[in-house]
Amino acid sequence: MKTIVALLGSAVVVVGLVWMLGMSDSARRPSSVAASTGEVTLGGMDSTELHLYCAASNQAVVEQIRREYEELTGTSVVVQYGPSQTLLAQAKLTKSGDLFLPADDSYLKLAKDDGMVAEVLPIAKMQAGFVVKKGNPKHIDSLQSVVTEGIQFVQANTESTAIGKVTKEVLSQSGQWVKLSEATDAFRGTVNEVATDVQVGAADAGIVYDAVLHSYQDLEFVPIKELESASSQVSLGVLKSSRNPTAALHFARFLTARDRGLKHYAEHGFQVTGGDVWSDVPELSIYAGSMLRPAIEETILAFEEREGVKVSRVYNGCGILVAQMKAGQKPDAYFACDIEFMKQVSDIFPESVAVSQNELVIIVPKGNPRNIASLRDLTQPNLRVGVGHEKQCAMGWITQNVFREAGIQQELMANVTVQTPTGDMLVNQLRTGSLDAAVVYLSNAAGSAEHIDAVAIEGIPCSTATQPWAVAKESKFPQLASRLFEQIGSTESQETFAAEGFRWQLGQ
């Protein structure tokens with residue numbers, strides 16, 4: 001059996017202490033680069049200093065991005081490079097730092113499970129395989145070729161590095177790990193050390209990520225069939241320990257922007273997809289049905305403040321919003337009052353997800369002076385009824401479906417004196433005495449319990465509307481929109497929806 005060199009557990013503690021001392025010292029230093037572009041920086045905020053824990057596999061590309069960001073904004077980014085597990089341990093031990101960029105998402109999941117991470121921004125993928133000298137002089141192209149005598153083989157540590165962890169998991173599943181482990185001459189502290197061993201001739205081959213070799217001109221990456229499934233998703237996490245999360249998110253958006261950081265990632269051989277367009281203060285446009293405003297407005301305001309961005313929102317009847325979109329308006333995201341009105345713009349929003357449900361009710365003045373108990377009662381003589389406009393809002397469209405299913409559409413519509421694009425208008429008219437009854441969403445009535453009563457509509461399934469969310473396929477800010485949606489799906493947001501009369505559907 002070949003000798004296995006393992007990392008000493010105490011190294012984690014030592015490096016952690018060095019990191020804490022480094023951070024204490026750096027906190028006293030001025031920013032390393034002054035702003036020179038004249039641009040507004042950090043959404044108008046003063047320059048600051050950020051601390052990033054970053055996997056060694058990303059060092060070459062992150063250094064390039066860091067320098068570009070510092071020159072653009074004047075903000076200093078202090079980076080600690082090392083094995084992903086070691087960095088995770090440091091962040092957990094010190095309870096400090098702003099950002100965490102491991103080589104594999106599994107470490108971000110661990111950090112999130114420990115309550116350490118607030119936001120996660122996807123970056124790219126890396127593929128594991130063999131590294132050999134240029135031209136592959138020893139013809140190493142399979143696991144079998146490295147377990148023969150005379151081949152010096154190295155790997156990254158399986159406990160502290162992402163690639164070591166991923167390699168062991170994949171090969172253990174196929175029953176090949178023990179054989180390769182026994183053929184390994186040394187386990188190194190980082191994936192970069194593995195590449196360096198091969199470069200200087202200390203090893204004939206090793207296991208690395210393809211993107212790592214961008215800086216090693218004398219080395220070659222060899223895809224290995226046995227490692228086809230050994231890939232890592234690289235993402236950036238914003239730590240809850242950050243003292244300035246808005247600044248941290250600003251840098252995170254820069255690093256993950258398709259025309260900024262991701263451009264460099266692609267140049268370094270990472271498999272890049274997606275990403276937002278870079279903007280110092282991006283403006284996200286949202287169209288939403290009027291009934292959703294009470295449920296999402298506070299969440300949007302908090303999102304704007306934390307991210308340092310602007311969210312322009314247009315609340316209106318979904319029929320009106322759909323007409324505007326068909327006329328050429330294309331918001332980044334759309335939160336519809338009902339699935340039917342999402343289907344009408346499926347060319348703009350091909351993928352949607354149901355978030356909540358809202359049911360139609362009959363509202364009447366407090367005490368119900370006309371004794372209305374069902375839809376049939378809305379047909380009584382001399383009753384002034386208000387409904388939503390069928391072509392201007394989802395509420396009106398669903399209302400007409402309900403009337404038809406109940407078999408009283410023509411008779412009931414004879415009493416309708418008002419048709420509006422939003423339920424709030426009907427609530428206001430009922431409260432001022434202009435109407436005797438109206439058909440609105442339960443959420444429209446939720447805030448007026450002291451003035452009105454709500455009567456359930458029984459036995460008609462189509463009286464329930466489902467509210468879907470979608471991001472436009474042509475949005476310049478799909479990741480920003482997705483993070484807003486994560487906040488809309490948060491536990492706090494669910495409680496707001498419930499308080500406003502909605503039933504939660506997301507994840508059900």
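In which loop is the place of Asn 136? In this predicted model, Asn 136 sits in the loop between strand E4 (117-133) and helix H5 (143-146), and on selecting this residue you will find a positive phi of about 50° although Asn 136 is not a glycine. With a relative accessibility of 12%, Asn 136 counts as buried, because the cut-off for that class is under 20% relative accessible area.

Select Asn 382 next, where phi is near 60°, again a positive value in a residue other than glycine. Asn 382 is placed in the loop between strand E14 (352-365) and strand E15 (385-388), and at 72% relative accessibility Asn 382 counts as exposed.

Now move to strand E9 (residues 231-239) and pick out Gln 233 within it, a residue that is partly exposed, with a relative accessible area of 23%. Leaving aside residues up to four places away in sequence, Gln 233 touches Ala 103, Asp 104, Asp 105, Pro 122, Ile 123, Ala 124 and Lys 125. Within that group, display the backbone oxygen of Ala 124, which lies 3.2 Å from a polar atom of the side chain of Gln 233. If you then draw a distance between C-alpha atoms, Gln 233 and Gln 127 are separated by 9.2 Å, although they are 106 residues apart along the chain.

For the next view, show strand E11 (residues 283-289) together with strand E12 (residues 310-316), which pair in the parallel sense over seven bridges; Ile 286 has Arg 313 as its bridge partner in E12.

The tour then turns to aromatic rings. A search of the whole structure finds 13 aromatic pairs, and one of them to select is Phe 130 with Phe 153, an edge-to-face pair at 5.5 Å centre to centre with 65° between the planes. Because Phe 130 lies in strand E4 and Phe 153 in strand E5 (residues 153-156), the pair ties together parts that are 23 residues apart in sequence. Phe 130 is buried, with a relative accessible area of 0%, and for Phe 153, also buried, the value is 0%.

Continue by selecting Phe 335, Trp 469, Phe 485, Phe 497, Phe 502 and Trp 504, which form one aromatic cluster. As a last stop, centre on Tyr 107 and look for Lys 165, which lies over the face of that ring at 4.6 Å from the ring centre.

Conventions: Residues are numbered from 1 along each chain as its sequence is written. This is a predicted model: local features need pLDDT of at least 70, side-chain atom pairs count only at pLDDT 80 or more; totals for chains, interfaces and linings use all residues. Side-chain values use heavy atoms; hydrogens and water are left out. Helices (H or I, at least four residues) and strands (E, at least two) are DSSP runs, numbered from the N terminus. Buried means under 20% relative accessible area, exposed over 50%, partly exposed in between (1.4 Å probe, protein chains only). Contact means heavy atoms within 4.5 Å. A polar contact is a pair of N or O atoms within 3.5 Å; within protein, one must be able to donate a hydrogen and the other to accept it, and residues adjacent in sequence count only if both atoms are side-chain atoms. Two strands pair if DSSP finds at least two bridges between them. Rings of Phe, Tyr and Trp (its six-membered ring) pair if their centres lie within 6.5 Å; planes under 30 degrees apart count as stacked, over 60 as edge-to-face and the rest as tilted. A charge sits over a ring if NZ of Lys or CZ of Arg is within 6 Å of the ring centre and within 35 degrees of the ring normal.
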